[in-house]
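Please read it with the model open.

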Amino acid sequence: MNQYSSTTTLKPLSITDLAAMKQRGEKISCLTAYDAAFSALIDKVGVDMMLVGDSLGMVIQGHDTTLPVTIRDMVYHTSCVSKARKRAFVIADLPFMTYPTPVIAAKNAAKLMQAGGAQMVKLEGPKFDCVSFLVDQGIPVCGHLGLLPQSINQLGSYKVQGKEQAAAEQMLADALKLQQVGAGLLVLECVPASLAKDISAQLTIPVIGIGAGVDCDGQVLVLYDMLNIGTGKRPRFSRNFMSGVVNIEEAITAYHQAVKQSLFPTPEHSF
Ligand code: KIV
């Protein structure tokens with residue numbers, strides 16, 4: 001526990017704790033995690049949330065996209081992460097094609113929560129019916145707008161979303177509707193900083209950015225990108241936090257502190 005931790009207890013944080021952080025203007029730090037050792041370390045440093053992202057398809061499994069990741073993969077990695085954490089809030093991704101209907105989404109979300117130990121599930125896109133149905137079943141949901149990696153074959157490339165006015169207006173409307181149907185958090189990926197600022201200000205739920213500027217309520221990065229051990233080129237919105245430190249714990253601490261103090265991301269990491 002350190003000076004940037006929002007509580008001195010090791011009770012797991014809840015969605016209401018995260019909402020309270022937004023209310024009092026405290027930035028929320030988040031990293032992806034996929035195994036018990038990193039989960040324990042990230043948790044020890046005091047990072048507020050861990051996302052078991054389907055990015056594991058790329059950084060752990062070596063695929064080119066997140067599409068091959070299965071619900072079984074997600075349950076396995078989520079349970080590894082959940083078992084080792086004491087305080088951080090754990091979110092797990094519903095992978096590609098595991099939420100084509102609300103009922104199928106609920107069955108898969110239940111696996112992530114019951115067998116995986118996730119406290120919340122995340123799904124990509126303006127899937128209002130799924131979000132509403134999951135929330136009705138007592139399943140907390142995180143929305144995800146902007147760049148949607150599961151739609152890479154429709155998008156053609158991993159590029160910034162919401163640059164045109166019409167697309168920006170649509171994203172704001174989708175964000176408000178996701179909140180209205182019960183989403184408890186929203187991730188914005190690769191979105192112009194000014195649009196992310198606007199969405200964060202208009203929503204009452206916490207908005208977590210990745211490549212979305214400094215004015216979101218919190219930040220998330222893919223762990224392996226910020227440790228500079230990714231298999232591909234580090235994205236422009238990430239930073240090598242291993243630079244200038246002697247070990248991984250110091251790098252994660254530097255990231256956590258930079259997020260808490262609004263020192264990351266800088267304009268260099270924003271669009
Ligand atoms: O899968 C993942 O790691 C994610 C983040 C990029 C937000 O969804």
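The text below takes the ligand first, then the pockets, then the backbone.

This is a predicted model: local features need pLDDT of at least 70, side-chain atom pairs count only at pLDDT 80 or more, and totals for chains, interfaces and linings use all residues. Residues are numbered from 1 along each chain as its sequence is written, and side-chain values use heavy atoms, with hydrogens and water left out.

**Ligand shell**

Which residues are around the ligand? They are Thr32, Leu51, Gly53, Asp54, Ser55, Asp93, Lys122, His144, Val187, Glu189, Ile210 and Val222. A residue is near a molecule if one of its heavy atoms lies within 4 Å of it. The shell divides into four nonpolar, four polar and four charged residues. Here Ala, Val, Leu, Ile, Met, Phe, Trp, Tyr, Cys and Pro count as nonpolar, Asp, Glu, Lys and Arg as charged, and the others, Gly among them, as polar.

| Side chain | Ligand atom | Distance |
|---|---|---|
| Asp54 | oxygen | 3.1 Å |
| Ser55 | oxygen | 2.6 Å |
| Asp93 | oxygen | 3.1 Å |

On its own the ligand has 260 Å² of accessible area, and the protein covers 96% of this. Areas come from the Shrake-Rupley method with a 1.4 Å probe.

**Pockets**

The ligand sits in the largest pocket, meaning that more than half of its atoms lie within 2 Å of the pocket's grid points. A pocket is an open set of points on a 1 Å grid over the protein atoms alone, where a 1.4 Å probe fits, with protein on both sides within 12 Å along at least five of seven lines; lining residues have an atom within 4 Å of a point.

The largest pocket holds about 760 Å³ of space. A volume is the space filled by probe spheres set on the points, which are joined across faces, edges and corners. Its lining has 36 residues, with Met58, Glu189, Val222, Asp225 and Pro235 nearest the centre. These 36 residues divide into 16 nonpolar, ten polar and ten charged. Helix H3 (56-59), strand E6 (185-189) and strand E8 (218-221) each supply at least two lining residues. Helices (H or I, at least four residues) and strands (E, at least two) are DSSP runs, numbered from the N terminus.

The second largest pocket has a volume of about 270 Å³. Its lining has 14 residues, and Phe96, Tyr99, Lys127, Gln150 and Ser151 lie nearest its centre. Seven are nonpolar, five polar and two charged.

**Backbone**

Cysteine 190 has a positive phi, near 50°. Cysteine 190 is in the loop between E6 and helix H9 (193-202). The peptide bond from phenylalanine 264 to proline 265 is cis, with omega near 0°. Proline 265 is in the segment after helix H11 (248-260).

Technical notes: A polar contact is a pair of N or O atoms within 3.5 Å; within protein, one must be able to donate a hydrogen and the other to accept it, and residues adjacent in sequence count only if both atoms are side-chain atoms.
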